[in-house]
Amino acid sequence: MSLPRIAVDAMGGDHGVRVMVSGAALARRQHDKFKFLLVGDEERIKKALEDHPGMREASEILHCDDVVSGDEKPSRALRRAKTTSMGLAIQAVKDGSCGAAVSAGNTGALMAMSKLALRTMPGIDRPALAALLPTLEEHDVIMLDLGANTDCDARNLVQFAIMGAAYSRIVNKGRTPRVRLLNIGTESIKGTDDLQRAAQLLKDAEGLDMRFDGYVEADKINRGEVDVVVTDGFSGNIALKAIEGSARFVTDLLKSAFTSSLRSKIGFLVSRPATELLKHHLDPNNHNGGVFLGLNGVIVKSHGSANAHGVANAVAVTARLLEDDLTDRIAADLGKMGEEALSGNGTASAEPVNTK
């Protein structure tokens with residue numbers, strides 16, 4: 001099966017052209033059907049392609065040397081949407097020359113440009129940023145929103161649950177997802193009015209291909225007991241950073257412990273297979289690729305510090321969403337919800353959190 005081309009913002013992220021091109025090339029070595037539109041400085045892209053001859057026939061270059069900086073305000077970036085590598089990659093999705101876009105650049109700018117160019121799907125007030133996080137089980141957990149909307153009402157949370165469940169069925173190959181709302185406790189009386197109202201709407205919903213299991217606390221996100229965790233972007237971004245920080249803390253602590261003495265070094269050699277497995281499981285590059293759900297098109301956000309392996313994973317996520325028609329799945333599920341949950345204008349904050 002051939003896929004639509006994937007537009008790659010080659011200038012975004014901490015490492016820019018070299019890593020973005022290397023990541024796309026690695027993804028293509030694993031899946032030779034991928035084709036790309038590489039958007040960025042033509043001379044630098046051509047130089048990067050010299051190390052990946054197999055990418056040349058699968059890639060077209062769209063020259064652009066204007067870049068959205070990591071600390072640029074979304075409102076300012078919007079004014080340069082037609083001249084920046086990020087904006088032109090999104091435009092390629094809008095005009096149909098590409099099926100999806102991947103960028104490791106400024107998250108707020110990417111969200112603002114994507115929403116303006118592609119608009120939200122009917123029945124969706126605001127798009128949400130969703131990502132895969134590791135669990136103790138074989139499957140990952142999807143969490144949203146991770147920073148696109150700092151304040152959400154009950155209707156927004158219901159929409160996020162529907163979109164996250166559709167994404168989960170793709171990732172977990174059709175299994176009915178277990179969906180929970182992030183809360184300060186699992187008791188039904190806990191949480192804000194909006195959380196409790198969202199929970200009631202999801203309990204009352206009929207015909208949705210999901211299993212709503214109530215609330216989940218932050219310490220249970222990675223246990224493998226839930227497939228989709230739904231929250232507002234403010235709480236979600238804090239939870240994500242706490243999880244990432246804890247993972248780095250554990251790996252750094254083990255590294256320090258295993259190098260503290262000769263006995264510790266010997267112990268490291270004995271336990272190395274287990275520690276390598278732990279390192280692999282906690283490496284964010286192995287779970288890279290956040291998705292802006294709710295847009296009329298597929299936009300994937302790679303972590304700004306991702307290496308080539310991480311970028312390759314983001315490209316693979318993008319391809320999977322194209323293969324399984326994510327937007328059509330979400331549209332079908334939205335049609336099963338009543339107007340009470342999905343109509344009206346949302347009240348979420350318009351300024352995204354910086355999730356770089």
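These questions and answers cover terms used for this predicted model. Local features need pLDDT of at least 70, side-chain atom pairs count only at pLDDT 80 or more, and totals for chains, interfaces and linings use all residues. Residues are numbered from 1 along each chain as its sequence is written, and side-chain values use heavy atoms, without hydrogens or water.

Q: Why is valine 250 called partly exposed?
A: Buried means under 20% relative accessible area and exposed means over 50%, with a 1.4 Å probe and protein chains only; partly exposed lies in between. Valine 250 has 35% relative accessibility, so the residue counts as partly exposed.

Q: Where is valine 250 placed?
A: In helix α9, residues 233-258. Helices are DSSP runs of H or I, at least four residues, and strands are runs of E, at least two; both are numbered from the N terminus.

Q: Why are α7 and α11 called roughly perpendicular?
A: The axes of α7 (residues 154-171) and α11 (residues 308-323) cross at roughly 100° and come within 10 Å. Angles of 65 to 115 degrees count as roughly perpendicular; under 35 is roughly parallel, over 145 roughly antiparallel, the rest oblique. The pair is therefore roughly perpendicular.

Q: Which residues make the contact between α7 and α11?
A: Tyr167, Ile170 and Val171 of α7 meet Val317, Arg320 and Leu321 of α11. Contact means heavy atoms within 4.5 Å.

Q: How many helices and strands does the protein have?
A: The protein has 13 helices and 11 strands.

Q: What share of the protein is buried?
A: Buried residues are 54% of the 356.

Note on methods:
Axes are lines fitted to C-alpha atoms, for helices over the stretch in contact, and angles run from 0 to 180 degrees between N-to-C directions.
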